[in-house]
Amino acid sequence: MSQSLSQIRPFEEILAALQAAFPDDEFTVEAKPIDDTYITLVPESVRPVIELLLEHFDIYHLSTITGDDVGDGVCLLYHFWSGYGITLRILLPYEDLHMPTLTDLIPGASYYEREIQEMLGVTFEGLDIPGPMFLPDDWRDDGGPVRYPLRRETGA
Amino acid sequence: MSRITVPIGPQHPLLKEPLAFSLTLEGEHVIESTLRLGYAHRGIERLCQERTYVQNIYLIERVCGICSHVHTTTYCQGVEALLGIQAPPRGLYLRTLLCELERIHSHLLWLGVQARNIGLETIFMYAWRDREIALDIMENVSGGRVSHAVNIVGGVRIDLTPEHRDTILKQLDELDRQIDVLLGVIENERTFEARTRNIGVLTEEQIRRYCVVGPVARASGVDVDLRRDAPSFPYDQLKFNVPVRPEGDAWARTLVRTLEMVESVRLCRQLLTDLPDGPTTARAKRRVPPGEVVSRTEAPRGEVIYYIRSDGSDKPARVKVRTPTLTNIITLPDQLKNIAMADVSVVISGVDLCIACADR
Amino acid sequence: MKPMSPLVNVTHRVVQWARRKSPWILHFNSGGCNGCDIELLDLLTPRYDAERLGVLKEASPRHADVLICTGPVTRQSRDRLLRIYEQIPAPKWVVSMGSCSCSGGVFYGGHNILGGIDQVLPVDMYIFGCPCRPEAIITGLARLLEKIK
């Protein structure tokens, strides 16, 4: 980021802007090590919140998207960096593992979304998938290993 | 003109690691390209869930052979944060010393490989000969040339005597002289410039859209370096510059990496002369209390990020690894557009690929 | 075995001598961490300089005598490894370099790992280490050449 230190906004400002823009939403905020603040959202709010972060605060650096099978669903964590870490957390229930893609806003998200689709079975609507990424071409052909390697019920 | 598809890899003299490209050419120029990862996918994230935190250090070290120390550094940093402990200053200084030495060795390795792919075999031989000095220092410090096994949760397992320090400072002087020679070649040698200028240009806009990290971003004018932007001890005590170039081509990337080596030697000297006294490791419990942590460091190729979640047992519930090569490799299809076939090798190696890192 | 005529015998011995004196290697990484690969490349650099022993690193399987494999065999690279082996003209030898290609190493049990390369190819020489030091690789190659005799 070509932001100088003076352009980095304190987190309180960002939170105030989010609460002003989305008055009906509950934002649960937690500060965690090492230098991150987690905001828990509902899945429908992720795209509007990221659009706000991009347009108003120029927070464009998405470090990665983590997919984590937590037992009662798949938790998706969008890790952003703007002088300090901001992580957006959502929980997708097993019956509804769908999310809209971010690749039209942040093209760099495509590999992260493809990996989560392959390893955890989350469908990203609008994501272009030319083929398997990490898993081999013959992953299930011989009745072999589990469908989604990082899912819990498959023994992960 | 008719179109031909040229496959490159997974076994190819250009690549040390298995990676498959498919280039569609019209005449001599590349129209489009696709790449296939996954040849080196070892399922490390899943393996981490089946082993204890201590066993995982050995596994994480082997995500990549070139940047092994920085992976264990990020991992141990994260686990220490979960445990609520801090490694003692001497331990952190030694950890950082190896991080910087690894940066030097990785950049010299890359410089040799890049020069070889251009056809300048002499620079390859010189760079790898000078790399042996860095490997000697690392062997002096840790006992291993490539795999150091220095990090433990709570600090480092090695220590340096004053004689050790003096030997290493002399070796650093020699390394400094050799890096200066290589810097002179890159800045002044016309053959090198002719092969790398204006090849594989990435604009600042592309860097932002693809969230590119590391020397590739710094060579396109984006001034980002986690050592300075997220300063943890001891980087907040040390003086160093972050080289940034505006051109965005393969030549700028080479120059940025070589200047970074000069800065790394400077950092190593500071770390050795200001080495604090005291223990090198703090006690760490085997069972980690429930929690989650995001740990970031600046590896030779860019930002490495680890997300670790613990559930109170002695095995992690989730370890997520994202390496800089996975972020940077997405720019390759863009960089390869309209490149002549003869320049494909320069572009592919300019990004400093470490496929073992990307595939995990 | 039929006794060879004197001319064929001499030619045969010259060819055997040439094979021992200049093993051309092809390197394939079937999914390793890269540590062994950089130590193998180190062999060609001024400090260890394997070229003075006649070792040359070739680009094409058709030019090679010895296939040096690093890394465990992943499901995706298995077919390619087999195809490369088939493309190397006989007589050929396979060296398994590093703990991962000997047995799967640290990654044994991974969901994408088939094991060491002896699950897929017949191996003539195992060189252990994680990663192998260049000295170990040279010793391994020298022992392999003695076997060829």
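**Chains and contacts**

Modeller: In chain C, 48% of the 149 residues are buried, where buried means 20 or more other C-beta atoms, placed from the backbone, within 10 Å of a residue's own. This is a predicted model, in which local features need pLDDT of at least 70 and side-chain atom pairs count only at pLDDT 80 or more, while totals for chains, interfaces and linings use all residues. Residues are numbered from 1 along each chain as its sequence is written, and chains are lettered from A and ligands numbered from 1 in the order in which they are written.

Colleague: Which helices and strands does chain C have, and in what order do the elements run?

Modeller: Chain C has 5 helices and 7 strands, counted as DSSP runs numbered from the N terminus (helices H or I, at least four residues; strands E, at least two). From the N terminus on, the order is α-β-α-β-β-β-α-β-α-β-β-α. The radius of gyration of chain C is 16 Å, close to the 15 Å from the globule rule for 149 residues, so chain C is as compact as a globular protein of that length. That radius is taken over C-alpha atoms, and the rule is 2.2 Å times the number of residues to the power 0.38.

Colleague: What are the corresponding values for chain B?

Modeller: Chain B holds 15 helices and 8 strands, and 60% of its 360 residues count as buried. Its radius of gyration is 21 Å, which agrees with the value near 21 Å for a compact globule with 360 residues. The C-alpha atoms of chain B fill a box of roughly 70 × 45 × 35 Å along the principal axes.

Colleague: How many residues are in contact between chain C and chain B?

Modeller: That contact takes 32 residues from chain C and 31 residues from chain B; two residues are in contact if their C-beta atoms, placed from the backbone, lie within 7 Å. On the chain C side, H2(C) gives the largest share, 5 residues. By class, this side of chain C has 12 nonpolar, 14 polar and 6 charged residues. Here Ala, Val, Leu, Ile, Met, Phe, Trp, Tyr, Cys and Pro count as nonpolar, Asp, Glu, Lys and Arg as charged, and the others, Gly among them, as polar.

Colleague: Is H2(C) mostly covered or mostly open?

Modeller: H2(C) is mostly covered, with 7 of its 8 residues buried. Among them are Cys36(C), Ile38(C) and Leu40(C). The buried residues of H2(C) pack against helix H4 (89-118) and H5 of chain B, together with E1, strand E3 (66-70), strand E5 (93-97) and helix H5 (134-148) of chain C.

Colleague: Turning to chain B, how do H5(B) and H6(B) cross?

Modeller: The axes of H5(B) (residues 121-142) and H6(B) (residues 162-188) come within 10 Å and cross at roughly 160 degrees. Axes are lines fitted to C-alpha atoms, for helices over the stretch in contact, with angles from 0 to 180 degrees between N-to-C directions. The two helices, H5(B) and H6(B), are therefore roughly antiparallel, the word for angles over 145 degrees.

Colleague: Which residue classes make up the contact of H5(B) with H6(B)?

Modeller: The residues that meet include Ile133(B) and Ile137(B) in H5(B), and Leu175(B) and Leu182(B) in H6(B). By class, the contact has 10 nonpolar, 5 polar and 3 charged residues.

Colleague: And how many residues of chain B touch chain A?

Modeller: There, 36 residues of chain B are in contact with 33 residues of chain A. The chain B side has 14 nonpolar, 8 polar and 14 charged residues.

How values were computed: Buried ≥ 20, exposed ≤ 12 C-beta atoms within 10 Å, placed from the backbone. Parallel < 35°, antiparallel > 145°, perpendicular 65-115°, else oblique.
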